[in-house]
Amino acid sequence: MASNDHHDHDHHHDHDKSTSSWVGADGRVYHSHDGLAPHSHEPIYSPGYFSRRAPPLVNRDFNERAFTVGIGGPVGTGKTALMLALCKFLRDKYSLAAVTNDIFTKEDGEFLVKHGALPEERIRAVETGGCPHAAIREDISINLGPLEELSKLYKTDILLCESGGDNLAANFSRELADYIIYIIDVSGGDKIPRKGGPGITQADLLVINKTDLAPAIGADLGVMERDALRMRDGGPFVFAQVKHGHGVEEIVNQVLQAWEAATGKKRK
């Protein structure tokens with residue numbers, strides 16, 4: 001249903017599934033659904049350029065909220081497996097906490113708890129409703145709340161935030177993620193890197209996961225490497241088999257390098 005009426009009652013849909021959309025005073029189309037605050041989506045006109053990605057925020061107060069790593073990517077590419085692998089790699093030397101996003105369940109948070117990624121109280125699961133990209137881009141308060149709370153409770157060094165699985169147009173706001181990892185896998189075929197989108201082109205690190213599936217899919221890793229380099233202006237990417245531990249150390253090194261640069265601390 002369309003409506004030009006954008007008074008407060010649109011905020012209070014009692015988490016029903018109705019949608020309303022309207023044109024705001026700024027000329028952008030806003031919509032409200034799944035109980036999310038009204039939001040618009042930034043128009044995306046090109047696949048994006050790594051060199052033009054949003055820089056990390058200056059004057060960011062890491063006492064307010066620790067250095068935050070955002071992990072995004074399509075459904076089923078290995079985001080939660082990467083969360084688990086990073087927790088295992090870093091938890092002995094760094095104080096960590098994690099927030100996971102799912103559309104209608106708390107499945108990913110439960111997966112991390114079940115596999116002992118971190119003590120249960122350091123993991124929060126957020127249900128985003130049907131617009132998971134809004135929770136990491138336009139309406140990030142749903143994630144900022146638990147991240148700030150965990151940060152203060154556990155004096156964290158690093159926070160991990162996993163977005164709900166989404167399409168290639170989804171990417172983290174810099175207001176939320178100081179370092180952005182975008183993870184795709186080879187099962188979608190070797191065409192995925194050249195399809196681009198802000199996650200592929202502008203994430204600080206692109207991970208191409210499940211390389212062991214390439215023969216079964218008929219995906220050419222050489223093509224993926226060439227296209228990833230081209231689409232990312234030479235920005236870093238890692239081939240990985242996260243489940244088997246391959247490539248994880250390289251991902252951790254990239255994260256810690258960014259953590260050192262942002263916080264001025266030395267890795268432990």
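Strands β5 and β6 are joined in the parallel sense over 5 bridges, where strands (E, at least two residues) and helices (H or I, at least four) are DSSP runs numbered from the N terminus, and two strands count as paired if DSSP finds at least two bridges between them. From β5 the chain crosses through helix α2 (residues 107-114) to β6, and this β-α-β crossover is right-handed, a term which applies if, with the strands pointing away from the viewer, the path from the first strand over the helix to the second runs clockwise. This is a predicted model, in which local features need pLDDT of at least 70 and side-chain atom pairs count only at pLDDT 80 or more, while totals for chains, interfaces and linings use all residues. Residues are numbered from 1 along each chain as its sequence is written, and side-chain values use heavy atoms, with hydrogens and water left out.

**The sheet as a whole**

- An open sheet is formed by 7 strands in the order β6-β5-β7-β4-β8-β9-β10, and the pairing is parallel.
- At the edges of this sheet stand β6 and β10 (237-239), each of which pairs on one side only.
- Neighbouring strands of the sheet are turned by 20° against each other on average, with direction ignored; such angles are taken between axes, which are lines fitted to C-alpha atoms (for helices over the stretch in contact), and run from 0 to 180 degrees between N-to-C directions.

- Towards β6, Ala98 stands opposite Ile123, while on β7 the bridge partner of Ala97 is Leu159, β5 and β7 being joined by 5 bridges and running parallel.

**Cys161 in strand β7**

- Cys161 lies in strand β7 and is buried, with a relative accessible area of 0%.
- The C-alpha atoms of Cys161 and Ala98 are separated by 5.8 Å, although these residues are 63 residues apart along the chain.
- When its neighbours within four places in sequence are left aside, Cys161 is in contact (heavy atoms within 4.5 Å) with residues including Val69, Met83, Val99, Leu147 and Phe172.

- β4 and β8 pair in the parallel sense over 4 bridges, and the bridge partner of Gly70 in β8 is Ile180.
- β8 is joined to β9 by 5 bridges, with the two strands running parallel, and here Tyr182 stands opposite Leu206, a residue whose bridge partner in β10 is Phe237.

**Helices against the sheet and each other**

- Helix α7 (residues 221-231) lies across β8 (179-185), β9 and β10, and runs at about 170° to β10.
- α8 packs on the sheet, where it touches β4, β7, β8, β9 and β10, and its direction makes about 145° with that of β4.
- Helix α1 (residues 79-90) and helix α8 (residues 248-263) pack at an angle of about 70°, with their axes 10 Å apart, and α1 and α8 are therefore roughly perpendicular to each other, a label for angles of 65 to 115 degrees, whereas those under 35 count as roughly parallel, those over 145 as roughly antiparallel and the rest as oblique.
- Among the residues that make this contact are Leu82, Leu86 and Phe89 of α1 and Ile251, Val252 and Leu256 of α8.

- The buried residues of α3 are Asn143, Leu144, Pro146, Leu147, Leu150 and Ser151, and what covers them includes β4, β5, β6 and β7.
- Most residues other than glycine have a negative phi, and most peptide bonds are trans.
- Lys155, in the loop between α3 and β7, has a positive phi of about 45° although it is not a glycine, and Lys155 is exposed, with a relative accessible area of 64%.
- Asn59, which is not a glycine either, has a positive phi of about 55°, and at 78% relative accessibility Asn59 counts as exposed.

How values were computed: Buried means under 20% relative accessible area, exposed over 50%, partly exposed in between (1.4 Å probe, protein chains only).
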